[in-house]
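Visitor: I have a structure open and would like to learn how to read it. Can we go through it step by step?

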Amino acid sequence: MAMDRRQFLQGAAAAGVGVAYSGMSLGQGSTDPIRLGLLTVKTGPLASGGIDMERGLDLYLKEHGGMMAGRRVDLIVADTGGSPATALTKTQELVERNKVQVLTGPLAAFEALAIDDYIRTQKIPTLSVAAAEDMTQRKANPWFVRATSSSAQCSHVMAYHCATVLKYKKMIVIADDIAYGQEMNAGFQRVFEENGGKIIQKLFPPLTAPDYGSFIAQLKTDADAIFLGFAGSNGFRFVRQFNEYGMNGKMKVVGGMTALDESVLRNMGDEALGILTVCWYSSELNNPINVKFAPAFRKAYGYDPGYYAAGTYVNGEILNAALLSVGGNAANKDALMAALKQTHIQTARGPVRFDTYGNVVGNIYIRRVERKDGRLVNAVVQTYPDVSQFWKYDPKKFLAEPVYSRDWPPAKNLE
Amino acid sequence: MKRSHFLLLAVLIALPWFAGEFYVNLASQILIAVIFAASLNLLVGYAGLTSLGHATYLGLSAYISAWLSLRMGLGHAITAPAALLLTTLVGCCFGWIALRASGLGFLMLTLALSQIVWGLGYRWVGVTNGDNGLSGLTRPAPFGIDLSDSGAYFWFVLVITTVVLYVIARFVNSPFGATLRGTRDQSRRMSSLGYDVWGIRWVTFVFASFIGAIAGLLYVYFNKYIHPSVMSVTVSAEALLAVIAGGSGTLAGPVVGAALVMLLKNYASAYVERWNMLMGIVFVFIVIAMPAGIVPGMRTLLQRLKGGQE
Amino acid sequence: MQFWQIQTLNSFALGGLLFLLSSGFALIFGLMRIANLTHGALFMLGAYAAVSAMRAGFGLALAAVIAALSVAVVGGLIERLVLRRLSGNAQGQVLATLGLSFIASDFCLIVWGGDTIPIQTPAMFQAPLRFMGLIFPTYRLVVVGIAVVVGMVLYLLMERTRLGAMIRAGVDDMQMARAVGIRASALFTTVFCLGALLAGLGGAVGGPIFSAYPGLDSDMLSLALIVVILGGIGSLVGTFVASFIIGFIYTFGTALLPDLAYVILFLPMVIVIAFRPTGLFGTIRT
């Protein structure tokens, strides 16, 4: 959208209305603060992850004296309430009223999709946290970088690990009946079956399922293991009920990147011990940055950082690096975006760089739940370095196929 | 129309010249919510039928329009009337089912029907793209006027809102509207007087779903994205709360109520972290201070003040 | 796994939970004609109250009693301070009860945070029950037992006590009940407290299965509405039977017809209400 005179006047008027906001000005001198917007969820069922997103970023800024690339950062936090329409309104508010130059978030895939078109027209560099595959694939948004993971980026790895290292032959996949869960399980199925395994059952309990009893009763007991593609607290609820139905011992349990997140582990008991999960992060990572970040987070908030807290913290590191390389000038969006995509740094999750679609290429970790100093942690047992969202496939061929879904790739080995 | 109405309209027309883009977009959303609440008010206020499933019509018309343009490649000149027509047809069917009951039964039937449609939106992935929603949508360009600019779109919505509110006012002030209120207050008497109470309610239900479909079109044009959550019970409930808080059965009630809810949700939430609680407190306060809603409550207050001066 | 046997037990367990959830709603609606849309929030408050009580060192049984009583107090306050002023104003009641549930759910978020908090199953029920090759969580059977006991106590209360006689008189004809000297005001408060007490009890007893989490309120409210409407207004027996019918429909429906998982609860309701607006057992047209 080209900026005509009238729009410029509108902008000026908006700035006039919003003078109450700190650091509001139209000029772009080198001492002006960088205006960073965080789209998160602080109310409703998704609030747990959303609050962690704010805390992770807050901690990053606190550790760095509220500065990035030598400039003060004004962080403006918006609560989308987990609704796509509100996510768009809040993004407009951040961009038009608060004049943010960079965005981080939102949490949920459908929120990211709701603001996708707006981000494109407004050209706002966005460090996304949501995992929807096509955001960095078939419908790649040139203004998005994602330093966390696409839905299937981690499950590809777990599938390979299950088939080749753990030598499982038959597996069940189960996930929430949302795009995120379906994409994750589809990626798992593809790699698992291409490495000689068979997916014998696929289950997608509706999001509104109050209870998993009727799904556990359906599990095919000849499976070697079950892969959990759950998000939020559903993984822990499932594991608990799995044990209550006497299923532990009948098959192994492995999980995706949000099945037994640190944020969930802190409410679990011994039933979680020994379960393997896969993620791009663990609070137990032994790298120079994380050995400071994780304890600092634990000290500040009383629990270990997980997916969401680490996601925004890593985003902070990446944004800082990109800003450094453009001399702290956040106003030149094209230059900043190019710098973001060229980021190649060490972060709390390990080394990070981006592919041409804006998705991270980085380490993926297999973790096992263990007890350490009285609390449950995801201890890293194996690292798969430099994993791309395309796994070992050729990006062009990968993108020529339909996006992962409930029915793609088709399951041929269901019993 | 009173002078104050013209004044309000003039201020609104001038809004894009003096308010920032965010406020213009917010105003567009408020107007869309006003149309939606006004359509629900036909049922809740004038027919005395509390519906908890009105989001169905907002969502259906948005989905139909989006699907026709994305999958069929049709232009807005065809998708818009088709969406309105098909949604209204669904309204015909759902009205026929829901009006088998009244009171809480009607509320539950509308809720159940809307939950079924919502479930289809989530689960019928081949058509709705499920949880990922439909994106890549465009706004129409009536008579060659580009509506991608926020100001232009606001004026477009303003024109339609004005027309819709005028039509609703004509509807409720017509003889039919008087009979409708009769069925609300004295349904047995109306029945014994020979009126077809069921038919009157059904026509109103269909009309309300048609106006709701208009709001749905404006909604999808504004967001250029549609997700099943738009058909959720939360959206229905919010509209219902807006109507009741503003004052059901009055023309201005849903306008005030919808503006209040939108401002609390989209504006106050930037300043008040606990905006959900604030919204709850505001609703409880309204219902205690003005049990019939803001507009009737203020009217009574004004009359009392005038009475005191004389 | 023995699919049919386990799913049948699952259906009974869910049915028992649904009865604990819905009986209070049915009681209040039957007498006062108030669709108490805070009911889901009261259930959630019960679950969270149990969380706090158990953190303070009480066992689940005592925590459930504490939760039930404290939610009953909240219910009494709601009736006295808000709903009392709105008698006959059905739309005002909708606004007030939904507004109150917004307040309650945000309150829970402030006090207990956004995490899902598990509620421990009592130690003696933690081991699954093994019987003729079937393995089933013991606690779920206990829940069915609790639901049956609560149902019987309510039945005796309604049929054999003075309070029950007054409630039945009020349900049939409030004006007549007033005329014979029943104090409607005290009766309403008592019944509302009782309804809230049942919701709080349900939240605590259901806790080990559902856990306490933000959003529990709305998940539960729609279930309660379905059960009560299906069973028929003003009929305790109807609510009891409908709870188990819904338990079976949901358990077998989601397993056998996964494509219909989202509509499986609502479709039967539409059919029943469309052909029998009083619900299965109700005598009063809704």
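**Reading the chains**

Guide: Start with chain B. Of its contacts with a separation of 6 or more, 75% are between residues 24 or more positions apart. Two residues are in contact if their C-beta atoms, placed from the backbone, lie within 7 Å.

Visitor: What kind of model is this, and how are its parts labelled?

Guide: This is a predicted model: local features need pLDDT of at least 70, side-chain atom pairs count only at pLDDT 80 or more, and totals for chains, interfaces and linings use all residues. Residues are numbered from 1 along each chain as its sequence is written, while chains are lettered from A and ligands numbered from 1 in the order in which they are written.

Visitor: How many helices and strands does chain B have?

Guide: Helices (H or I, at least four residues) and strands (E, at least two) are DSSP runs, numbered from the N terminus. Chain B has 14 helices and two strands. Its radius of gyration, taken over C-alpha atoms, is 20 Å, close to the 19 Å from the globule rule (2.2 Å times the number of residues to the power 0.38) for 310 residues, so chain B is as compact as a globular protein of that length. The C-alpha trace of chain B spans about 60 × 50 × 40 Å along its principal axes.

Visitor: In chain A, in which sense do strand 7 and strand 8 pair?

Guide: Two strands pair if DSSP finds at least two bridges between them. Strand 7 (residues 170–174) and strand 8 (residues 198–203) of chain A pair in the parallel sense, over five bridges. A:M171 has A:I199 of strand 8 as its bridge partner. Between strand 7 and strand 8 of chain A, the chain passes through helix 6 (residues 179–194), and this β-α-β crossover is right-handed. That is, with the strands pointing away from the viewer, the path from the first strand over the helix to the second runs clockwise.

Visitor: Which domains does chain A have?

Guide: Domain bounds come from an automatic or database domain assignment. For chain A it gives domain 1 (5–150 + 287–362) and domain 2 (153–284 + 363–400). Their centres, taken over C-alpha atoms, are separated by 28 Å. In chain A, 28 residues of domain 1 are in contact with 22 residues of domain 2.

Visitor: How many residues of chain A are in contact with chain C?

Guide: 24 residues of chain A are in contact with 29 residues of chain C. Helix 2, helix 7 (213–216) and helix 8 (234–244) of chain A each give two or more residues to this side of chain A.
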